[in-house]
Amino acid sequence: MNDETSLNSSHSLGPLEDDMVVAIVGGGPSGSGCAIALLKLAKQKGVNVKVIIFEGKVFKKSQHYNQCAGVLSPPLDKILTDDLKLDFPYDMTQKVIDGYILHGLENSIVLNGDHAPSHAVRRVNFDEYLLHTAENRGAELVQARVTDIEIQTDGVRIYAENGNYKADVVVGAFGLDDGTGKLFERDTPYQQPRFLNAIVTKIHPDEEFMNNFGFNIHAFLPIAKEIEFGAVTPKLNHLTINIAGSEVNTIQMDKFLNLSEVREVLPPSDTWDSNELNYYKGRFPIGLAKGYYGDRYVILGDAAGMVRPFKGKGINSGILTGIRAATVMLENGISRKAFKHYVRMCSKLTNDMPYGKVLRFLTLRLAKMKMMDPVIELAGKRRDVAKMLFDCVSANDSIKNVYIHMLKHN
């Protein structure tokens, strides 16, 4: 479809009908998940819709690096198999993750819940897998960045680097890409969510070190002013290291790598040089976006701020919001009123955000006051406290339920 393709102006804002076009801006888990769900549900309903995905990055054999640590957490396996009829990509696993080790200044605790393991993968490979599946199931891929959008009463026009396209509805699945976010902000009431900055790097130890590292993610709540948290995640032949904070940069990453509690986890300092590390910068949301739906548009995943509070599980949330938006477009329509069903379907996620905000504040205060060690010590004695810590670190349960559990046991 290109600029010569006409849009059927008689198409209503009701449920998607034959020959209607859905444009998805972004081919990551949110966008690809939405496309796969749209095509599956449309086929079940006997509706012939066209899905176009716009993605400027080439995932296959790409050097693109995502600030996401690339950990596929439960229940992603059920989401893929039950909701998208898609095999979980076990063959991509670089490391099976059994749990977490939470570090204070002096104490640490192993947190393993009664749950299925997570799978550390190379994120770009997982994104390519989902995008390739969407193509195989009938989506058209436009390998180009979107440069502008116009949402009109009778349709949507998408301007891309290779031409312009017409659609009936546009889906924003662009993560926290600031340039694309501003395109939506210009033409809709959408406002990007608040976010933290993230810095990611990786260290390649020798084979013996990696074999002995274990199967846990090491999580840190350092007292360094600028750093809210950090993590060291084992992969196949390297450690992925990430930190986050409102204004983190490479200087803070250098400080983090030199913290004594972090040094104890990393390879011996004489086996790697911080000056030779490659650093990557990204963002992740810590609040809900404004105006993330309206007539002929809806925003998904990170771009909508739809992540689990405190600990993101952004891949799971992205795919789930894509599935829910697809369901609403086929069942209810593409109007602002119809997309209120999407809001209600995501209410379990959004209603947990105020609790997550409070928990984030309390955790940061404890860390800055050097009080995490007593909490970790208590968790070593009380299983209920250890479970609460695990649920917070892993996002295994809602923060609201963590609070309820805490009140019941104190």
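Biologist: Where is proline 75 found?
Modeller: In this predicted model, proline 75 sits in the loop between strand 3 (71-72) and helix 2 (76-83).

Biologist: And what kind of peptide bond joins proline 74 and proline 75?
Modeller: The bond joining proline 74 and proline 75 is a cis peptide bond, with omega at about 5 degrees. As background, most peptide bonds are trans.

Biologist: Switching to backbone angles, what is phi of aspartate 19?
Modeller: Phi of aspartate 19 is near 75 degrees, which is a positive value in a residue other than glycine, and aspartate 19 lies in the segment before strand 1 (21-25). In general, most residues other than glycine have a negative phi.

Biologist: Is aspartate 19 buried or exposed, and why?
Modeller: Aspartate 19 counts as exposed because its relative accessibility is 56%, and exposed means over 50%.

Biologist: What about lysine 370, where does that one lie?
Modeller: Lysine 370 lies in the loop between helix 11 (353-368) and helix 12 (372-381), and the phi of lysine 370 is a positive value too, near 60 degrees.

Biologist: New topic, strand 15: how many of its residues are buried?
Modeller: Strand 15, residues 229-234, is mostly covered, since 5 of its 6 residues are buried.

Biologist: How many bridges join strand 14 to strand 15?
Modeller: Strand 14 (residues 216-220) runs antiparallel to strand 15 and is joined to strand 15 by 3 bridges, with histidine 218 standing opposite valine 232 of strand 15.

Biologist: And how do strand 15 and strand 16 pair?
Modeller: Strand 15 and strand 16 (residues 239-245) pair in the antiparallel sense over 6 bridges, where alanine 231 has asparagine 242 in strand 16 as its bridge partner, and a hairpin joins strand 15 to strand 16 through 4 residues.

Technical notes: Residues numbered from 1 in each chain as written. Predicted model: local features only at pLDDT ≥ 70, side-chain atom pairs only at ≥ 80, totals over all residues. Heavy atoms only, no water. Buried < 20%, exposed > 50% of the residue type's maximum accessible area, 1.4 Å probe, protein only. Helix = DSSP H or I, 4+ residues; strand = E, 2+ residues; numbered from the N terminus. Pairing = 2+ DSSP bridges.
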